[in-house]
Amino acid sequence: MMAQPSILLENQKTAYQMLAKGGVSICPIQTLGQKPLEALLAGPDAQLCVKTGYVKDDDVFVMKVAGGGSQFSGNTGMVQVYDQKTLKMQYLLQDEGLLTEIRTAAAACLATSLFMPKHVDCIGILGGSVQAIWQLRLLGCIIPREVCRKVIVKTRSKKSALAFIEKMKTSSSGLDREWEIIAADEIEGQGFAGCQIIHGCTCARSPVLTLDDIQGHQGLHISAIGADSPGKQELRSDLVRGADVLVCDSLTQTKERGEFQHLLREDPAAISRIKELGQLLMEGEPMEFRQGPEDRRLSIFDSSGVAVQDLCIAKLVGEMVQRLTSTK
């Protein structure tokens, strides 16, 4: 899939368009280990999410289980694909969370490709987990090497930021080694205000980026994917309120998950400011969002992950496997 990353972005674009068209049934998300439930033995940051959904008149439905944040292991999970007629399992993808990592990064980078400023010479990353790695891998596919490979990273500590930088430098993947990454703690001057793109992928429950941090920016897009359960927050509310454009993956979910849950708790009427990405894609609006280098607006894409994304990437993998086996 990484050999042709455009397939991944197109796959997630299809997912959002399907959601906008209607006929998509999404079950309430189950989130273990996070408030209001008790913490798991894996630690306070650990969670396991179950997302289930299907499309009317499609041939399958999916149940995706994805866990992460454990003090004792890395990400884990699987995607179960069932036949809508027989209700029997067609196949199981024991991906250990890999497909969730990839589709999450692809979705964020799809939004960024539509809303980012025309000129990009610095990218900000919040977090140093495996998701941060996938975000950069997919960003590298939408932003040419000669355009930008400078990154500012902010994690919980300078030590963890430096560990992330070293991990990228010594990675077996050339996609990781090509980035010039600097820890935010080591920067004087503009910092994140000098970025044109920021991707947030922490599990924070208190803001790690404020309006002050980006004061003086010359046009900025933020894709935030870390706040995937109730109560989590990467962006302080003043930053969200100050944005010119607010876009989410699902208006239903954004009321209780993602960055906008906090804004809507303070101001329920603000829901009128938020647009679904799928609807914008159907209308063709994002393609003309940035009007040129003088466009200094702030846009935010907020994603908590929707089951239709898992459906689309599971079907993509199923089709790829079928093609490979049919040629043998």
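Q: How do the residues lining the largest pocket divide into nonpolar, polar and charged?
A: In this predicted model, the lining of the largest pocket comprises nine nonpolar, 24 polar and eleven charged residues.

Q: And what volume does that pocket have?
A: The volume of the largest pocket is about 1,200 Å³.

Q: Which residues are closest to its centre?
A: The closest are Ser 129, Gln 131, Cys 201, Thr 202 and Cys 203, out of 44 lining residues.

Q: Take H3, then. Why is it described as largely enclosed?
A: Eleven of the 13 residues of H3 are buried, so the rest of the structure largely encloses this helix. Among the buried residues are Gln 131, Trp 134, Arg 137 and Ile 142.

Q: What is the distance between the end C-alpha atoms of H3?
A: The end C-alpha atoms of H3 are 19 Å apart, which agrees with the 18 Å that its 13 residues should span at 1.5 Å a residue.

Q: How many residues of H2 are buried?
A: In H2, 16 of the 18 residues are buried, so this helix too is largely enclosed by the rest of the structure. H2 reaches 26 Å from its first C-alpha to its last, close to the expected 26 Å.

Q: Changing topic: how many disulfides are there?
A: The count is zero. Cys 49 is in no disulfide, and the nearest cysteine sulfur, in Cys 203, is 12 Å away.

Q: Is Cys 201 buried or exposed?
A: Cys 201 is buried, with a relative accessible area of 7%. Cys 49 likewise counts as buried, because its relative accessibility is 7% and the limit for burial is under 20%.

Q: Now the strands. Which sense does the pairing of E4 and E5 have, parallel or antiparallel?
A: E4 and E5 pair in the antiparallel sense over eight bridges, with Val 60 opposite Asp 83 in E5. Strand E5 (residues 76-83) is mostly covered, with six of its eight residues buried.

Q: What do E5 and E6 form?
A: E5 and E6 form a hairpin with five residues between them, and Leu 87 in the turn has a positive phi of about 65°. Their pairing is antiparallel over four bridges, and Met 89 in E6 is the bridge partner of Tyr 82.

Technical notes
Residues are numbered from 1 along each chain as its sequence is written. This is a predicted model: local features need pLDDT of at least 70, side-chain atom pairs count only at pLDDT 80 or more; totals for chains, interfaces and linings use all residues. Side-chain values use heavy atoms; hydrogens and water are left out. On a 1 Å grid over the protein atoms alone, a cavity is a set of points where a 1.4 Å probe fits but cannot get out, and a pocket is an open set with protein on both sides within 12 Å along at least five of seven lines; lining residues have an atom within 4 Å of a point. Grid points are joined across faces, edges and corners, and a volume is the space filled by probe spheres set on the points. Ala, Val, Leu, Ile, Met, Phe, Trp, Tyr, Cys and Pro count as nonpolar, Asp, Glu, Lys and Arg as charged, and the others, Gly among them, as polar. Helices (H or I, at least four residues) and strands (E, at least two) are DSSP runs, numbered from the N terminus. The expected span of a helix is 1.5 Å times one less than its number of residues. Buried means under 20% relative accessible area, exposed over 50%, partly exposed in between (1.4 Å probe, protein chains only). A disulfide is a pair of cysteine sulfur atoms within 2.5 Å. Two strands pair if DSSP finds at least two bridges between them.
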